[in-house]
Amino acid sequence: MTTVAVPFFRAAVAALVSSALAALLFRRLRRTQYSSGCAFAISGCCALQTLLFQSAECLGASVLALSSYAIGASGVRLTKDQDPRRVIQFGTCLASAQIIAPLGGVIAAILLPLTLRIPQLRGAVSHAMGLYLLLLFIPSMMTLVLQVAADESTSAISRLLHPPADATTSKFTFESLCSPALAGLSLLPVVGFSLWKQPAGMTSTAVLLLVALCSAFALAAWFGENRRTGVLIAALLPLGGVAVGELSREDRLPVPMQVWAVCAFASSFALALGVESRSHA
Amino acid sequence: MWFDFLLPGLDRLQIPMPLGGTSNHFRVEALRAIHGWDPFNVTEDADIGIRLARLGYRVRTLDSTTFEEATNALGNWLRQRTRWMKGYMQTWLVHMRDPRRLLRHAGLAGFAGFQFFVGGTFLSALLNPLLWVIFALSFFVGFPELGLSRPMSSISGSGLLLGNALFAYLSMLGPYRRGWLELSPYGLLVPIYWLLISVAAYRALWQLVRKPWHWEKTTHGLSRIAPRGSPG
């Protein structure tokens with residue numbers, strides 16, 4: 001009984017932390033004039049990835065949830081106020097995510113700046129490229145540092161966040177985390193916020209449908225025998241694209257940046273699947 | 001970067017400020033109190049900033065911009081930077097004649113700030129090529145063969161990476177603050193800047209010994225928008 005209760009308690013704490021942080025992120029996004037659909041897609045994506053991608057351990061999942069929230073919140077602050085300090089803050093949050101999830105962190109660093117509603121990103125190509133490079137700078141340095149210093153210190157962090165689970169723990173957390181009820185419960189706060197704000201328009205409805213489809217695909221892939229987390233990430237990635245596509249015309253990226261965004265999305269998708277297939281080979 | 005980040009930072013930390021640029025405003029009694037400027041120093045403005053701080057005057061930055069023409073020809077740029085480097089060397093040597101007195105006048109933070117921002121400017125430029133050569137050699141013969149321990153190689157590797165990264169990032173952030181984002185990517189060329197500034201620093205060192213009071217002129221009016229041919 002005790003061996004089952006402890007992992008359940010941990011999973012419940014992880015679910016609580018991630019859903020609470022996703023709800024906070026949703027509220028921040030709404031306050032910065034993101035539509036309810038867009039805010040729902042982003043915060044829902046954060047909650048899902050925390051609960052399903054990360055190990056079921058309380059610490060790992062909570063740290064990832066915190067990292068997702070920090071990235072989202074700093075992105076929102078940068079959208080509101082283009083102070084250089086906010087640029088540094090956003091870059092640092094993206095960089096620190098790589099310590100927790102190296103592949104996901106790199107993908108997030110490439111893609112997330114493109115989804116921000118910053119006027120400079122929507123202006124001339126030279127301005128958009130300048131800001132994009134600026135936002136990528138700190139995460140790129142972190143990638144370099146992690147590559148150079150890939151030694152005991154980084155693997156120690158990895159061991160702390162992804163401890164090897166015993167059979168009972170794995171079985172129980174698999175059941176508890178994959179249970180649609182728990183996954184659904186974790187999303188309830190954001191759903192509540194979404195409904196409470198305003199009735200969804202056509203675009204928001206389309207976004208919500210896409211989110212539901214992607215989530216269903218991701219869950220189905222994760223329910224499989226091998227718990228294919230790479231497929232999960234790949235399925236969740238289009239949400240970022242949806243967030244970009246949902247922007248109004250004046251908020252959209254210039255055409256060359258859109259091409260870059262599509263290429264980045266496609267290569268991230270391929271990267272996630274490639275890593276996944278290698279790990280299952 | 002200099003006017004938008006470093007000088008306001010020094011102002012806020014109340015660290016002696018090496019003045020520079022084309023828009024300094026003084027109260028006459030303060031200039032008289034420090035007995036004017038040193039005509040032998042080729043960056044007399046930087047020297048004035050330190051002397052004002054030593055006498056207890058406070059130098060502040062104003063939220064205002066005076067635009068000036070940036071040098072856009074390599075030879076011209078090298079001459080200008082050589083003069084600046086030589087001036088910083090002169091300023092450092094003058095004020096470090098009696099370090100204890102400087103410490104007493106400027107306080108610990110002021111003393112440290114002076115070492116970093118005046119001494120560190122030319123010292124880092126002088127050491128930079130040497131460190132790059134050691135780093136390049138380490139690829140061929142390894143750090144132990146160069147007589148450097150593993151901790152030392154880690155420290156120097158981190159210093160190289162962090163120092164260049166920080167400087168490049170600040171160089172990219174400077175244009176961002178002004179809304180000149182198209183200039184931000186040029187911040188990535190910092191390693192080339194360092195190479196050139198080191199050339200200027202060695203020229204300055206040579207001149208400090210051979211022609212200490214020589215003022216290398218910067219030719220202005222070379223860019224498209226400025227009136228042509230006014231040396232200054």
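Trainee: How many salt bridges are counted between chain B and chain A?

Mentor: Between chain B and chain A the count is zero salt bridges, a salt bridge being a side-chain nitrogen of Lys or Arg within 4 Å of a carboxyl oxygen of Asp or Glu. This is a predicted model, in which local features need pLDDT of at least 70 and side-chain atom pairs count only at pLDDT 80 or more, while totals for chains, interfaces and linings use all residues. Residues are numbered from 1 along each chain as its sequence is written, chains are lettered from A and ligands numbered from 1 in the order in which they are written, and side-chain values use heavy atoms, with hydrogens and water left out.

Trainee: How many residue pairs are in polar contact between chain B and chain A?

Mentor: Two residue pairs are in polar contact between these chains, both at pLDDT 80 or more. The term denotes a pair of N or O atoms within 3.5 Å; within protein, one must be able to donate a hydrogen and the other to accept it, and residues adjacent in sequence count only if both atoms are side-chain atoms.

Trainee: What area is buried between chain B and chain A?

Mentor: The size of an interface is often given as the accessible area lost when the parts come together. Here chain B and chain A bury about 1500 Å², and carbon and sulfur atoms give 81% of that area; the value is the accessible area (1.4 Å probe) lost by two parts on being put together, summed over both. On the chain B side, B:Tyr169, B:Tyr176 and B:Leu181 lose the most area to chain A, together 45% of what that side buries.

Trainee: How is an aromatic pair to be read, and what are the values for B:Trp77 and B:Tyr193?

Mentor: A pair of aromatic rings is described by the distance of the centres and the angle of the planes. B:Trp77 and B:Tyr193 are edge-to-face, at 5.8 Å centre to centre and 70 degrees between the planes. Rings of Phe, Tyr and Trp (its six-membered ring) pair if their centres lie within 6.5 Å; planes under 30 degrees apart count as stacked, over 60 as edge-to-face and the rest as tilted. B:Trp77 is buried, at 11% relative accessible area, whereas B:Tyr193 is partly exposed, at 29% (buried is under 20%, exposed over 50%, partly exposed in between; 1.4 Å probe, protein chains only).

Trainee: Which aromatic cluster do B:Phe167 and B:Trp194 belong to?

Mentor: B:Trp77, B:Phe167, B:Tyr193 and B:Trp194 form one aromatic cluster. B:Phe167 and B:Trp194 are both buried.
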